[in-house]
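Thanks for making the time this morning. I would like to walk through a few places in one model, and I will give the cut-offs as the terms come up.

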Amino acid sequence: MKKSLRPLVATAIAVGAAALSATSAVASAPTGEYAQFKYCPYQNAAVTGCLLSTTTSGSFKLGNATVPINKPIIFQGGFKFDPSTFGTTFYDASNGGVTLSRTSLDVPGGLLGLMNPGGFFGLLEQAFENAVRSANGVTATAEVAGPVRFDYFNFLINDGVTLTLPIRVHLENPFLGPNCYIGSTGSPVTLRLTLGTTSPPAGTAPITGYGGAVSTTPDGNVATATGAKLVDNTFSVPAASDCGYLPLDKLLITAAVNSREGLPSAAGRNVAILQGDSQVADGDGLRTSVR
């Protein structure tokens, strides 16, 4: 009987060792000056650099609505820079992190500021009045809606499009239902953010970003651009869709949102200003720090 138990014991030891190894791998993370880059996909040997950007102020103007940025928005990931072509390949965040944080920003005026309820009647009109009394607040949350592109060379020279960011904006309030969005994966709001000067359509004045005050750690492996400002006023904004619950309600509520906010909105009428700090870390140095 003792002899028959040996294979089982050996198997148990092997499984335990594998589990311990897996636990250790999960527990491993960048340390020291690289600790904040834990969501960079550094396990990918192709990654030559890691990016972490924290937006702390600025605003989004979509059509007629301007939403101030008063909560941190995190953008992060890894990239491969090819110095022979100056090309950059971007890799989304990993290790349990997200490329763009789902930061809910308050829409000024709430429901009353967001939509024109002039076409409401009957139960829908009563529901709107009840919503305003009980939960007038509306939040807007940007979500990634397509492939992200980061240009490290343009980031370095503070010119050209640094970040191409396709998003959809989730408008949230109980009255609006669970699926009220401006933009979609098929028709996103595509921001082409620059640290330089924009080239909007004729009739719209260009705006200029700022590369920030740059500093590095003593070993030069982590660079920080403090007070950087990414801008864009060249993008268009599609109409909102799927606001409300029942088919007729959705039609009326969505129309009320689009009427008040002037959506869809042509390029030149919309503005994105993202101000904060950006950090870039050396990929090889980061991998060396992992424990």
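Predicted model: local features only at pLDDT ≥ 70, side-chain atom pairs only at ≥ 80, totals over all residues.

If we leave aside its neighbours within four places in sequence, Gly196 is in contact with Asn158, Asp159, Ile207, Thr208, Gly209 and Val231, where contact means heavy atoms within 4.5 Å. Residues are numbered from 1 along each chain as its sequence is written, and side-chain values use heavy atoms, with hydrogens and water left out.

Gly196 sits in the loop between strand E10 (189-194) and strand E11 (213-216); strands (E, at least two residues) are DSSP runs, numbered from the N terminus. Is Gly196 buried or exposed? Gly196 is buried, with a relative accessible area of 6%, the terms being buried under 20%, exposed over 50% and partly exposed in between, with a 1.4 Å probe and protein chains only. Between the C-alpha atoms of Gly196 and Asn173, 23 residues apart along the chain, the separation is 36 Å.

Turning to the strands, E1 (49-62) and E14 (residues 271-282) pair in the antiparallel sense over twelve bridges, pairing being counted if DSSP finds at least two bridges between two strands. Within that pairing, Ser59 has Ile273 in E14 as its bridge partner. E14 also pairs with strand E12 (residues 222-232), again in the antiparallel sense, over nine bridges, and there the bridge partner of Ala228 in E14 is Gly276.

Now the cavities. On a 1 Å grid over the protein atoms alone, a cavity is a set of points where a 1.4 Å probe fits but cannot get out, and lining residues have an atom within 4 Å of a point; grid points are joined across faces, edges and corners, and a volume is the space filled by probe spheres set on the points. By this rule there are five cavities of 30 Å³ or more.

The largest cavity holds about 220 Å³, and of the 19 residues that line it, Phe60, Leu62, Val67, Ala140 and Val169 lie nearest its centre. Its lining divides into 15 nonpolar, three polar and one charged, with Ala, Val, Leu, Ile, Met, Phe, Trp, Tyr, Cys and Pro counted as nonpolar, Asp, Glu, Lys and Arg as charged, and the others, Gly among them, as polar.

The second largest cavity has about 130 Å³.

Notes:
Helix = DSSP H or I, 4+ residues; strand = E, 2+ residues; numbered from the N terminus. 1 Å grid on protein atoms, 1.4 Å probe; cavity = no way out; pocket = protein on both sides within 12 Å on 5 of 7 lines; lining within 4 Å.
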